[in-house]
Amino acid sequence: MAMKRVAGTAIQAFSSSGSSVLSTTSSRPLHASPGGKKIVGVFYKAGEYAKLNPNFVGCVEGALGIRDWLESQGHQYIVTDDKEGLDCELEKHIPDLHVLITTPFHPAYVTAERIKRAKNLQLLLTAGIGSDHVDLNAAAAAGLTVAEVTGSNVVSVAEDELMRILILVRNFLPGHHQVISGEWNVAGIAHRAYDLEGKTVGTVGCGRIGKLLLQRLKPFNCNTLYHDRIKMDPELENQIGAKFEEDLDAMLPKCDIIVINTPLTDKTRGLFDKDRIAKCKKGVLIVNNARGAIMETQAVADACSSGHIAGYSGDVWNPQPAPKDHPWRYMPNQAMTPHISGTTIDAQLRYAAGVKDMLERYFKGEDFPAQNYIVKEGQLASQYR
């Protein structure tokens, strides 16, 4: 989610030329020192739904399915959903935890202040993709290792994006709401329902998720464009049938539908402000499963109200969970959901297995798969620089 990808090869992520963030203090050990470790997991609470599916492991109750294994190894494993405020459960464990596991779906915001107080902290793991809930510069300066389960939910997110495109193009939600409310008004739906075929779809960011989305769009006979800092291999580009657009502002007016697939970084935060939204075609449809903070919140709400954005759908908010008065909850022609696209049961099993694999490597003093690193030895992965 991705930020939900690592562009280029794993080697490029940490050895390519360009700026990097170097540790300003001595690095903390990359691997576990002897003895039991205190590991804290922050996940969303499932409540009554926890018992409905034995594979529902991404919640507090499921605890990634690793509790028995960790405790049998002599480690302490604490799991909570309480992560905000000075009196929250997470705060009690900040001073002496060794490993913090969290997810993008119910993120524990790991600030520079929290990092400073976490004297024993060595490892920050994201169960999923997208580690922007961590102050990565502070983590790098403190010599921490930050890693995620790269690729674990890219299929889940790409499928969800395709669904949202169709929901917006076909004006599906008003029809569904009519059924619930006992109405029957075909005209109220049909006046702004279209075919996807022949429309121009542009993705802003084209890593793993962006490529999967473009591949899934090909049978719909769309015109597909992509903007990214790295151009695809010509053979893959020809196979997918998408055209590279080096200039984002030149691409936007061409698009009937825009999908956000770029990580949240210092460069992409607030990327779609009032001025950039104005460069989009009037009546544009926007899908954003990347990160809410890439969009300027009020600018999106205003553009939906004016009709410049004809429909907006996504599952990412700023902050998360979204407060009850968040303007995206009430803007017209939106198809928003809580952050769900990357936490299907299939994805949960993949990112739980990935977390267990990295913990096993950590305990043994072995390196992680190279593509999983977001901060390693004081350097940020290239997409976060």
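Biologist: Is F105 buried or exposed?

Modeller: In this predicted model, F105 has a relative accessibility of 9%, so F105 counts as buried. The cut-off for buried is under 20% relative accessible area.

Biologist: How many aromatic pairs are there?

Modeller: The count comes to eight aromatic pairs. One of them joins F105 and Y351: the ring centres are 6.0 Å apart and the planes meet at 25 degrees, so this pair is stacked.

Biologist: Where do F105 and Y351 sit in the chain?

Modeller: F105 is in the loop between β3 and α4 (112-117), while Y351 belongs to helix α14 (residues 345-364). Y351 has 0% relative accessibility, so Y351 is buried.

Biologist: Why is the pair of F368 and Y373 called stacked?

Modeller: The centres of the F368 and Y373 rings lie 5.3 Å apart and their planes are at 20 degrees, so the pair counts as stacked. The cut-off for stacked is planes under 30 degrees apart. Both F368 and Y373 are buried.

Biologist: Which residues form an aromatic cluster?

Modeller: One aromatic cluster is made up of W69, Y362 and F363.

Biologist: Let us turn to the sheet. What is the strand order?

Modeller: The order is β2-β1-β3-β4-β5-β13-β14, in an open sheet of seven strands with mixed pairing. At the edges are β2 (76-80) and β14 (379-380), each of which pairs on one side only.

Biologist: In which sense do β1 and β3 pair?

Modeller: Strand β1 (residues 38-42) runs parallel to strand β3 (residues 99-102), with four bridges between them. As an example, V40 has L100 in β3 as its bridge partner.

Biologist: Where does UniProt place the "binding site" feature?

Modeller: The unreviewed UniProt entry places "binding site" at I129 and N153.

Biologist: What is the setting of I129, and what is that of N153?

Modeller: I129 is in the loop between β4 (123-126) and α5 (136-141). N153 is in the loop between β5 (145-148) and α6 (154-169). I129 is buried at 0% relative accessibility, and N153 is buried with a relative accessible area of 0%.

Biologist: Last topic, then. What lines the largest cavity?

Modeller: Its lining consists of I94, L97, L100, V110, R114, I115, A118 and L121. Seven of the lining residues are nonpolar, none is polar and one is charged. The space in the largest cavity is about 40 Å³.

Notes: Residues numbered from 1 in each chain as written. Predicted model: local features only at pLDDT ≥ 70, side-chain atom pairs only at ≥ 80, totals over all residues. Heavy atoms only, no water. 1 Å grid on protein atoms, 1.4 Å probe; cavity = no way out; pocket = protein on both sides within 12 Å on 5 of 7 lines; lining within 4 Å. Points joined across faces, edges and corners; volume = space filled by probe spheres on them. Nonpolar A, V, L, I, M, F, W, Y, C, P; charged D, E, K, R; others polar. Pairing = 2+ DSSP bridges. Helix = DSSP H or I, 4+ residues; strand = E, 2+ residues; numbered from the N terminus. UniProt positions renumbered as here; feature names shortened; annotations may be inferred. Buried < 20%, exposed > 50% of the residue type's maximum accessible area, 1.4 Å probe, protein only. Phe/Tyr/Trp six-rings, centres within 6.5 Å; stacked < 30°, edge-to-face > 60°.
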